[in-house]
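Work through the exercises below with the sequence and the model side by side, and try each task before reading its solution.

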Amino acid sequence: MNPITPIMNGLKITLSHMFKKPITLQYPDERPKVAERFRGLHALNVSHDKAKCVACYLCPTVCPAKCITVEAGEDQNHDKFAAKYEIDMLRCIFCGYCVEACPVDAIRMTKEFELANYRREDFVYSKERLLEKK
Amino acid sequence: MGMEIFGLPMMYYIAMVAKVLVAFVFVLLTVAYSTYAERKIIGHMQVRLGPMRTGWHGLLQPIADGLKLFFKEEIIPAQASVFAFLIAPLIALIPAFITFAVIPFGGVIEVAGYKIPLQIASYIDTASGKVYDLNVGALYILAMSSLGVYGIVLAGWASNSKYSLMGGLRASAQMISYELSAGLAIVSVFMLSGTLSLNEIVNQQSGLWYVFKQPLAFCLFFICSLAEINRTPFDLPEAETELVSGFCTEYSSMKYAMFFMAEYANMITVCALTTTLFLGGWQGPLVGSFALLGPVYFVAKVYALIFFCMWIRATLPRYRYDQLMHLGWKVLLPLALVNIVITGIIGHFIN
């Protein structure tokens, strides 16, 4: 077998790669474009200045990681609402089943992916932190 | 200018010191920035960016690396042979730098009415205008490059670690085997030139470079040199995956940096020597009328070869040990011998 040709071919390949555009993303300076249906941090949808959630308990039931805690309450109109809605981001596996299960379109997932924190308690997102940002 | 020391004008000594400083600083800077260039070039060949965050496009990276290494803790293993352990990096580093003494990096330039040949170990006879340099310059370089192996073997042995010892043993076996082929490859150049003086060899290449007369010798010498300075694909002495880091496993701080510098300085020396022997040294178009173009051509050729070394590193995987020995003794050595015989036969019939 001729040993020179493969070496020449290899050299050609590496040289051609040198003139390609590097795929590196200079992360903190350049932001990645996440996919259209990316599943990041959750957000509770708002309608008429209130969360749409009716505390039906479908999302904690379907959640495979058991990271959602819901407690129901009753408002002045005797409507059920989520008095407490917490998601533990340390347990969440971002499967999106909660969004699929929700019958009133009260929860969705955003493109936010930088979820690092300094304290463990900060990873449990309360209802106020989950309400969609206006 | 009237003052003379040992029969030589004062200007000779001033020029000598200046040349030493320029060459030393040039080699040091090239060592520093070839580490940067290597990371950058290999990065781009792997469709990455390489260092980007220290200074503009990472330009201060070598300085940052140097500072970091300088402030690291010096560790001497408890069971190490201390004297040999301390002296080994110096033995590796110094021959790598002093080889530059005989390499001509330019023609004769005139400063303040005094002619200066751009080669450290050389002297111009002002009366006849003839340049005298070390008449066994090539031998001197071969001798110095073989001294470097002592540093590596000593480092491997003195560390008292099995990885270091294996690295040192591999390095010595490899360097000695390939030195033979490299030496034989350039014998054919000396058969054409009839001299070992590097200045004379460069002057003879003002017409046709030796690479066109001796293409096989050029390839053999360059491959063997890559093996001799332990660069990929022949970097077995420090094969990370097998030997942690080879002979410099136990080294830290500035002593490790010295091995690193020696490695890169050796690469520069080998590229400079290849340029001198095969690529016409500082010869190039218009160099006769503008003497200052000489160093420019020389540096350009050396940098092109250094780029080629890095290109090879980005391309080829490491040889296995038996393949390395097979290539050295059963392929390159016979080829070098055949090349000498053919050169001899052709030379005999031409003359």
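**Exercise 1.** How many residues does helix α1 of chain A have, and what distance does it reach from its first C-alpha to its last?

*Solution.* Keep in mind that this is a predicted model, in which local features need pLDDT of at least 70 and side-chain atom pairs count only at pLDDT 80 or more, while totals for chains, interfaces and linings use all residues. Residues are numbered from 1 along each chain as its sequence is written, and chains are lettered from A and ligands numbered from 1 in the order in which they are written. Helices (H or I, at least four residues) and strands (E, at least two) are DSSP runs, numbered from the N terminus. Helix α1(A), residues 4-18, has 15 residues and reaches 21 Å, close to the 21 Å expected at 1.5 Å a residue, where the expected span is 1.5 Å times one less than the number of residues.

**Exercise 2.** Work out how the strands β4, β5 and β7 of chain A are arranged.

*Solution.* Begin with the order, which is β4-β5-β7 in an open sheet of three strands with antiparallel pairing; two strands pair if DSSP finds at least two bridges between them. β4 (68-74) and β7 (124-125) of chain A stand at the edges, each with a single partner strand, so one side of each has no neighbour in the sheet. Next, take the pairs in turn: seven bridges join β4(A) to β5(A), residues 80-88, with A:T69 opposite A:E86 and A:E71 partnered by A:K84. These two strands form a hairpin with five residues between them, and A:H78 in the turn has a positive phi of about 60 degrees. Finally, β5(A) and β7(A) pair over two bridges, and A:I87 has A:Y125 as its bridge partner.

**Exercise 3.** Describe how α1 and α10 of chain B meet.

*Solution.* First consider the axes, which are lines fitted to C-alpha atoms over the stretch in contact, with angles from 0 to 180 degrees between N-to-C directions. The axes of α1(B) and α10(B), residues 253-278, come within 9 Å and cross at roughly 105 degrees. That makes the two helices α1(B) and α10(B) roughly perpendicular, a term for angles of 65 to 115 degrees. Then look at the contact, for which C-beta atoms, placed from the backbone, must lie within 7 Å: B:V27 and B:T30 are among the residues of α1(B) that take part, and B:M261 and B:Y264 are among those of α10(B).

How values were computed
Angles under 35 degrees count as roughly parallel, over 145 as roughly antiparallel, 65 to 115 as roughly perpendicular and the rest as oblique. Two residues are in contact if their C-beta atoms, placed from the backbone, lie within 7 Å.
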